[in-house]
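Biologist: I'm new to this one, could you walk me through it?
Modeller: Gladly; have a look at it first, and then ask away.

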Amino acid sequence: MTISNFSLHTGETGPLIQASTPDRLRVPIYGMTPILAEGDQVLAGTRIALSNNEDRGDMHAPLAGTIKAVYHDYMHIEVTGEERTEPLVPCSESGNALRKWLRDMGINVARLNRTRTLIINGVPPEPGISIYEPLLRDYRKVLEIGLDTIQRIVEPIRIFMVVAEGNQTNAFANCTVKHVAPIYPKGLDPLVIKTVTGQEVLPGMLPKNGTILSVKELYFIGRVMESGRPVSETVMTLGTQNHLVRIGTPVGWLTKELGVKVQPGDRLVLGGAMRGMTAVNLEQGVDKQTNGLTLFRKEEGLETTDNFCLGCGECERHCPSRLMPGMISRCAEFKQFKRAERFHIHSCIECGLCGYWCTAQRPLLQYIRLAKYELALLAGAELPPDVPINERDKKGDAPC
Ligand code: SF4
Ligand code: SF4
């Protein structure tokens, strides 16, 4: 894998393309409680799972169909092909009532709280992921509705729209445009927050007196307000074009639609080359957060290694969080997870640059994510229920 200059200039100019309707959906419901069972019929927009987190949005059926199987992490829906939908649910509330309504419609409202500074992040998150460009260019009306809605909850005094240098986006009303250098990882939230406020925050945390949302979240909120329907689609970069894709669409359906044949040994990644997560199998469904698909061919030499760390320090030289990824990865490798905290693992923004540059080709980001996962379990997070694969086999839901 070679990303020659980490440029965030995507060169994207085309409109959003509507992906075709799949004949089945694997709707992710991890961290949710399913409220329907196998055999139940759903309409497009029927609520199928309640979020276990008070801020994360609930999940709704993106299309009409029949529920074929329910697991702890996804629901398998056979699509009937009919255009049957739940009735519209418009909202004219403000403040907390509006916040709750958005959550019920599938929006993650964790960052929608009253505060003084609102930052809208429109910088491409990774090289090759260009979803914000068509939204900023062609869906301005939807984004304006989204911004107006957010203002009714957040009531900010200052609003910043942050885009990459070279992006010609005009400011929205009451909104100041700021530019950052179009170089990865400048578009990741903690670095955008630092650009605007000067504050350094841990990943997932918010600045003092401020909040941050992406252009995609703005779009989700605008669509929900405009249509009165819950979130049912995500925006993804597939190849060089951007698509609207139903949540739960199997990644294998998308590669087939693109005419791409995935060969044994290839790796299909949900997201971009630097931060994406490898799909478990071709039946894995896309989630609200999925912003692209990246295919690595077997010949590109991305085999997992257990090479020793050489102590060369190359990873440290490239880490934007000023960490020692080599040391953190060694802690994870030898199951010294608590020790990784001494090397400030929680400051890692998961940019993947350390692994990209590692002389020994160690899977550094994967080690770091493993250690964070184990630390979360040690801190009391719940282990997902163990669903035997043979149970899935019986229902034809086994991994490919
Ligand atoms: S992924 Fe690696 S380079 Fe990026 S912040 Fe974390 S430790 Fe640093
Ligand atoms: S770049 Fe790789 S080999 Fe070098 S210190 Fe970092 S982890 Fe170790």
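**Domains and a ligand**

Modeller: This is a predicted model, and a place to begin is the salt bridge in which the side chains of Arg322 and Glu200 meet, with 3.0 Å from N to O.

Biologist: Okay, and which domains does the protein chain have?

Modeller: The domain assignment of the protein chain gives domain 1, covering 95–227, and domain 2, covering 314–378, and the C-alpha centres of domain 1 and domain 2 lie 28 Å apart. The contact takes 8 residues from domain 1 and 8 residues from domain 2.

Biologist: How many salt bridges cross the interface of domain 1 and domain 2?

Modeller: The rule finds 1 salt bridge across that interface, and the count of residue pairs in polar contact between domain 1 and domain 2 is 2. As for classes, the side of domain 1 that touches domain 2 has 7 nonpolar residues, 1 charged residue and no polar ones.

Biologist: What area is buried between domain 1 and domain 2?

Modeller: About 630 Å² is buried between domain 1 and domain 2, and carbon and sulfur atoms give 68% of that area. On the domain 1 side, Tyr184, Leu202 and Pro203 lose the most area to domain 2, and together they make up 50% of what that side buries.

Biologist: Switching topic, which residues come nearest to ligand 2?

Modeller: There are 13 residues around ligand 2, of which Cys309, Leu310, Cys312, Cys315 and Cys358 come nearest.

Biologist: And what does that shell have by class?

Modeller: The shell around ligand 2 has 7 nonpolar, 4 polar and 2 charged residues.

Methods:
Residues are numbered from 1 along each chain as its sequence is written. Chains are lettered from A and ligands numbered from 1 in the order in which they are written. This is a predicted model: local features need pLDDT of at least 70, side-chain atom pairs count only at pLDDT 80 or more; totals for chains, interfaces and linings use all residues. Side-chain values use heavy atoms; hydrogens and water are left out. A residue is near a molecule or strand if one of its heavy atoms lies within 4 Å of it. Ala, Val, Leu, Ile, Met, Phe, Trp, Tyr, Cys and Pro count as nonpolar, Asp, Glu, Lys and Arg as charged, and the others, Gly among them, as polar. Domain bounds come from an automatic or database domain assignment. Contact means heavy atoms within 4.5 Å. Buried area is the accessible area (1.4 Å probe) that two parts lose on being put together, summed over both. A salt bridge is a side-chain nitrogen of Lys or Arg within 4 Å of a carboxyl oxygen of Asp or Glu. A polar contact is a pair of N or O atoms within 3.5 Å; within protein, one must be able to donate a hydrogen and the other to accept it, and residues adjacent in sequence count only if both atoms are side-chain atoms.
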